[in-house]
Amino acid sequence: MGEFVGVAPDRLEKLTAQLKRLHEILADRGSVIQRKMENWDAQVGFGVLPRLVDSARDDARDMEARTERAYELARLKGWDPKAPVMGMPGHVPGPIPPPVVPLDWKATGRSGFQAERDATALVTAMDGENTEEKRAALREAAEKLRLHPKDNDYLRTFLQIAGPATAQAARVLNDGDHSEGTLFSCQDQGVLTTLAGALAAAGSLRTGSGKDARPLMSDATRAALTKAKDPWSVGMLLKHGPSGKDWDSRLLADITRSLLDARKAGTISFPPTRSGNGSSDLGGDVFRFQKVLAGHDPVIAALNRSAENGKAARHVLGDPDKGLTYTRMLVDDSWRTPGSDSFHRRPAPPGGMTDPSPKIGQVDLSSHVGTFLEAAASAKRGGGTDARESAWSVVNIAKATAEFSRLNPEKVLPAETRRALNFAIDRYLPDFAASARLGVPSEAVLSKRSPNGLWVSYFSHRELKGLLKQALNNEKDLGKLLGSMDARLSGAVKATVLDPSDQNYLSEMAALYGFVSKIEADQNFSDAEKKDAQNKRSATFLSMFSGGFGAINFTKAVGPTTSAQIFTALAQPPLNEALDTDHATDALKKNAEAFYDRVSRVEIPVVQGLINAGAIDVESNVSWFHNGVIIPNAEFADWYNTNAQKKVAGKELEEWVRVTEADMQTQRGMTP
């Protein structure tokens with residue numbers, strides 16, 4: 001039985017207004033109040049002030065809910081606020097005040113009760129035909145949600161009833177006016193932000209504990225997002241919603257798959273404009289309208305959020321069964337807005353447009369694809385689920401790229417997509433090197449190099465060649481990869497010495513050199529381009545080598561974990577935009593090309609690797625070794641000639657060099 005009290009609705013309304021005013025004053029002027037009190041040396045603690053602000057908000061919110069229920073009960077008793085009123089002698093005519101009604105005070109103050117009322121009001125409006133009423137209801141619902149921060153009971157009940165309705169919000173709020181280059185007013189952007197924040201929270205939170213734990217989001221709401229009737233509206237929630245890190249990775253992955261499927265099927269419809277011609281709304285500016293399309297592409301919004309999340313991108317591409325399907329959609333040259341055939345013709349909707357022919361005003365979207373592909377390949381190496389999905393993502397990226405190359409021999413992927421390919425190659429360089437030597441089917445395998453396992457990617461020769469053909473289409477990308485490989489050569493020597501499994505990392509790296517050399521020959525670079533490639537190779541190598549890359553550490557104790565440490569260490573650090581390839585140390589700047597000619601000869605990386613492996617001890621006072629890195633000079637040449645026949649790690653020093661040179665020469669002559 002509830003706690004019923006008799007209340008006058010109009011008086012509750014006045015009390016609600018006063019509580020709202022109290023909250024506004026505390027929220028807007030709290031800092032001023034605190035500052036003035038401190039100036040008066042008032043001995044008052046102000047730590048409670050934020051709690052007072054929250055309490056005033058909650059009181060006003062609960063009182064408003066009671067007021068709404070009280071008026072509803074009054075109407076049920078026959079009170080009509082619009083009924084005509086006859087004046088009484090001596091009284092001014094006016095509306096009849098509502099009667100006193102019995103109100104369950106506790107129940108109306110509960111979150112669940114308020115959520116049910118608010119959600120039902122939204123669903124009722126959204127089921128109607130009046131667009132303005134729908135918009136008003138969405139704005140009111142967003143305001144109600146803002147009044148219930150971190151209120152899981154309210155959130156669960158609200159979305160259980162109104163979750164599917166929120167998935168349609170963007171199209172309802174859009175009024176077709178593109179004249180300002182945006183589709184939503186500032187107020188309505190705020191509405192989408194609030195609704196998306198509620199959905200993200202519901203997708204991440206769990207209710208119950210242990211075996212009884214379950215998602216806060218209902219199945220119906222999840223289905224409305226992942227099997228949406230209006231994919232564009234769902235994409236706009238992602239665009240205006242919180243960072244991808246605030247979304248549940250599985251939910252975000254499912255939404256991303258759904259939107260990619262819709263793009264392929266051509267079922268994404270951009271909302272119509274007032275005039276029926278988007279560029280006309282923008283004064284005939286086709287280019288500006290294409291930017292509007294690009295800025296409101298729902299698939300791009302999903303890719304951005306999934307890339308921010310990281311795991312979501314790996315869920316999408318790293319699925320051994322379905323990942324390749326979605327990778328094929330991404331590794332493609334169709335990622336651009338549709339453009340226009342003329343300045344007066346409205347372009348077709350963005351969904352499903354795959355015609356690569358140049359049209360007026362097209363906006364390149366491939367940078368978003370590239371960022372998503374990089375995120376898919378970015379998990380920390382290891383034996384866990386995330387590492388598995390990352391390894392499979394790289395396998396699928398290689399497969400999809402090779403397939404694109406095979407089906408489109410004359411086409412080149414966009415630069416931003418190729419950037420992501422090179423990122424994946426660099427991050428998984430040991431895997432590519434091992435594959436170049438072995439020639440095995442493309443798949444991810446849980447290696448036993450570590451007690452906890454290590455997920456390793458393998459690639460067939462055909463797919464390795466197809467990937468490298470696209471990734472190394474640009475001479476600077478070629479130079480950057482070769483420079484990175486040059487710097488890792490010393491690490492390969494070190495790994496070959498230390499690894500108790502007898503894996504020959506040096507031969508594997510040499511095999512990859514062979515593949516890259518073959519690709520370089522096939523690209524038919526001009527003399528000028530070859531010079532640019534060599535300059536980039538030198539700069540990359542110098543930056544990594546002089547920065548101490550060759551001295552990268554991992555545990556020297558030989559044991560069951562050594563192989564895994566070696567394998568992952570060879571892949572670090574991944575190349576990125578922070579890598580400075582335009583200069584090395586001051587000592588090397590003066591004659592960088594001459595230094596590269598000396599340092600990149602096989603003797604130097606081999607000796608560096610043997611030093612790093614602890615197989616060679618260097619005296620502290622030599623001039624050619626500084627901060628863990630060889631700086632070749634005449635004294636180094638004399639030292640090498642003196643020690644060439646000395647046995648080091650089972651071989652004469654000169655034999656290590658000969659074996660390395662022979663491997664690299666043999667592999668350069670191979671035909672993948």
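I'm working with a predicted model, where local features need pLDDT of at least 70, side-chain atom pairs count only at pLDDT 80 or more, and totals for chains, interfaces and linings use all residues. Numbering runs from 1 along each chain as its sequence is written, and side-chain values use heavy atoms, with hydrogens and water left out.

I looked up serine 218 and found it in the loop between strand S4 (214-215) and helix H9 (219-226); helices (H or I, at least four residues) and strands (E, at least two) are DSSP runs, numbered from the N terminus. Serine 218 is buried at 18% relative accessible area (buried is under 20%, exposed over 50%, partly exposed in between; 1.4 Å probe, protein chains only). Its side chain makes a polar contact of 3.0 Å with that of threonine 221 (a pair of N or O atoms within 3.5 Å; within protein, one must be able to donate a hydrogen and the other to accept it, and residues adjacent in sequence count only if both atoms are side-chain atoms).

Threonine 221 sits in H9 and is buried too, with a relative accessible area of 0%. Leaving out residues up to four places away in sequence, serine 218 touches Leu159 and Gln160, while threonine 221 touches Leu159, Gly163, Pro164 and Leu199 (contact is heavy atoms within 4.5 Å).

**H5 on H8.** The axes of H5 (residues 131-146) and H8 (residues 186-204) come within 9 Å and cross at roughly 55 degrees (lines fitted to C-alpha atoms, for helices over the stretch in contact; angles run from 0 to 180 degrees between N-to-C directions). That makes the pair oblique (under 35 is roughly parallel, over 145 roughly antiparallel, 65 to 115 roughly perpendicular, the rest oblique). On the H5 side, the residues meeting H8 include Leu138, Ala142 and Leu145.

**H20 on H23.** Here the axes come within 7 Å and cross at roughly 80 degrees, so I log H20 and H23 as roughly perpendicular. Phe432 and Arg437 are among the H20 residues in this contact, and Met509 and Phe515 among those of H23.

**H21.** Which residues of H21 (461-471) are buried? I get Glu463, Leu464, Gly466, Leu467, Leu468, Gln470 and Ala471. Their cover includes H18, H19, H20, H22 and H23.
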